[in-house]
Amino acid sequence: MPEGHTLHRLAADHQEWFGGRPVRVSSPQGRFAASAALLDGAEFAGAEAHGKHLFLDFGGHGWVHIHLGLFGKVARGTGAPPPPTDTIRLRITAENAWSDLRGPTACTLLTDEGKQAVHDRLGPDPLRADDTPDAAWRRISRSRTTVAALLMDQKVVAGVGNVYRAEVLFRHGIDPYTPGNRLSRATWDTLWYDLVELMREGVRHDRIDTVRPEHTPEAMGRPPRVDDHGGEVYVYRRDGRPCLVCGEQIRTASLAARNLFWCPRCQTGTTAQEPQKPCGSQGATSEPNAVEV
DNA sequence: GGCCCATGTTCAT
DNA sequence: TGAACCTGGGCCT
């Protein structure tokens with residue numbers, strides 16, 4: 001689950017359910033037990049996210065810094081919590097809400113300075129209201145690294161993961177192997193502001209959907225995605241299947257130890273394309289509406 | 001029950 | 001470049 005939208009959604013939920021209230025804090029698994037004991041009974045002052053990092057504010061007691069890594073999860077809800085299990089690193093409960101953290105890469109108690117050090121090594125986040133594409137552009141425009149790798153570099157942009165990077169490049173017809181210094185400022189701005197919109201939708205629905213209205217299952221008369229993580233996407237983990245726009249087989253390749261997915265026909269450009277013509281003009285070797293999924 | 005894989009990151013070589 | 005880390009789901013036997 002964890003790209004930036006997940007953490008911002010968690011911050012919002014924790015703020016709403018626990019903000020300004022005293023909370024019980026425990027670590028059934030034990031690995032956060034000492035800090036949990038310090039925080040137990042304290043007031044939950046607030047929550048904040050930057051990229052894939054979540055910060056829970058316990059006022060004078062410090063900040064709980066959480067990073068979910070590849071498979072960390074936070075189960076949560078209103079009402080009474082389920083019986084605890086021995087994989088819960090951190091449990092927070094209040095009168096009528098609970099949250100259980102499992103499998104994080106990081107769950108530590110930080111001072112203000114420790115928290116600032118985390119911010120300092122992160123780039124701008126499309127989900128933080130005051131962040132802009134400028135700092136990212138400075139790095140991208142000077143780099144020979146591929147745009148696919150740059151998008152995954154949290155020092156460049158914070159919060160983008162393997163799904164959003166594949167999808168935003170598809171949506172604008174960008175060849176993922178384009179070096180950063182071959183992108184125009186206008187193209188980068190297009191990618192950034194599209195990420196802002198896509199990721200805000202991600203926070204709202206707590207899942208990643210990236211297909212335009214004309215490519216939804218309903219619009220195309222195709223079955224919805226049932227296998228994976230729920231959201232409707234163009235290329236992520238669709239390798240070998242037909243592109244929803246042009247019918248070409250989606251490809252995959254390993255890039256910096258992660259799987260990259262793209263459409264070799266739609267994504268040939270270094271300049272952001274208009275949504276309607278990502279394949280170029282002639283083309284119709286297959287009819288998009290006959291695509292089976 | 002075992003094996004593989006995963007929306008991530010860091011550290012060692 | 002590879003291993004390690006944390007957990008759970010899917011698929012295999």
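1. Threonine 178 is buried, because 20 other C-beta atoms lie within 10 Å; a residue is called buried here if 20 or more other C-beta atoms lie within 10 Å of its own, exposed if 12 or fewer, and partly exposed in between, with C-beta atoms placed from the backbone. Threonine 178 is found in the loop between α6 and α7, where helices (H or I, at least four residues) and strands (E, at least two) are DSSP runs numbered from the N terminus. The C-alpha atoms of threonine 178 and threonine 146 are separated by 5.2 Å, although the two are 32 residues apart along the chain. Leaving aside neighbours within four places in sequence, threonine 178 is in contact with Thr146, Val147, Leu183 and Thr270, contact meaning that two C-beta atoms, placed from the backbone, lie within 7 Å.

2. This is a predicted model, in which local features need pLDDT of at least 70 and side-chain atom pairs count only at pLDDT 80 or more, while totals for chains, interfaces and linings use all residues. Residues are numbered from 1 along each chain as its sequence is written, and chains are lettered from A and ligands numbered from 1 in the order in which they are written.

3. Helix α6, which spans residues 162-171, is mostly covered, with nine of its ten residues buried; among them are Val163, Glu167 and Arg171. The cover over the buried residues of α6 includes α5 (147-152), α7 (185-205) and β12 (258-262). Just after α6, glycine 173 takes a positive phi of about 65 degrees.

4. The largest nonpolar core has 41 residues, of which Tyr164, Ala166, Leu169, Phe170, Leu195, Val235 and Trp262 touch the most other members; such a core is a set of buried Ala, Val, Leu, Ile, Met, Phe, Trp, Tyr and Cys residues joined through C-beta atoms within 7 Å. At least two residues of this core come from each of α4 (134-140), α5, α6, α7 and β12. Apart from it lies another core, of 28 residues, including Phe18, Phe32, Ala49 and Cys107. Phenylalanine 170 touches Tyr234, Val235, Trp262, Cys263, Cys266 and Gln267, not counting residues up to four places away in sequence.

5. The domain assignment of chain A, which is automatic or taken from a database, gives domain 1 (4-120) and domain 2 (134-290). Their contact takes seven residues from domain 1 and nine residues from domain 2. Helix α1 (residues 4-18) gives the most to the side of domain 1 that touches domain 2, with four residues. By class, that side has no nonpolar, five polar and two charged residues, where Ala, Val, Leu, Ile, Met, Phe, Trp, Tyr, Cys and Pro count as nonpolar, Asp, Glu, Lys and Arg as charged, and the others, Gly among them, as polar. The C-alpha centres of domain 1 and domain 2 lie 32 Å apart.

6. DNA strand C is surrounded by Gln29, Gly69, Leu70, Phe71, Thr87, Arg102, Gly103, Thr105 and Ala257, a residue being near a strand if its C-beta atom, placed from the backbone, lies within 6 Å of it. By class, the surface near DNA strand C has three nonpolar, five polar and one charged residues.

7. For "domain: FPG-type", the unreviewed UniProt entry lists residues 234-268. The end C-alpha atoms of residues 234-268 lie 16 Å apart, and the span is 0% helix and 29% strand.

Methods
UniProt positions are given in the numbering used here, feature names are shortened, and annotations may be inferred rather than shown by experiment.
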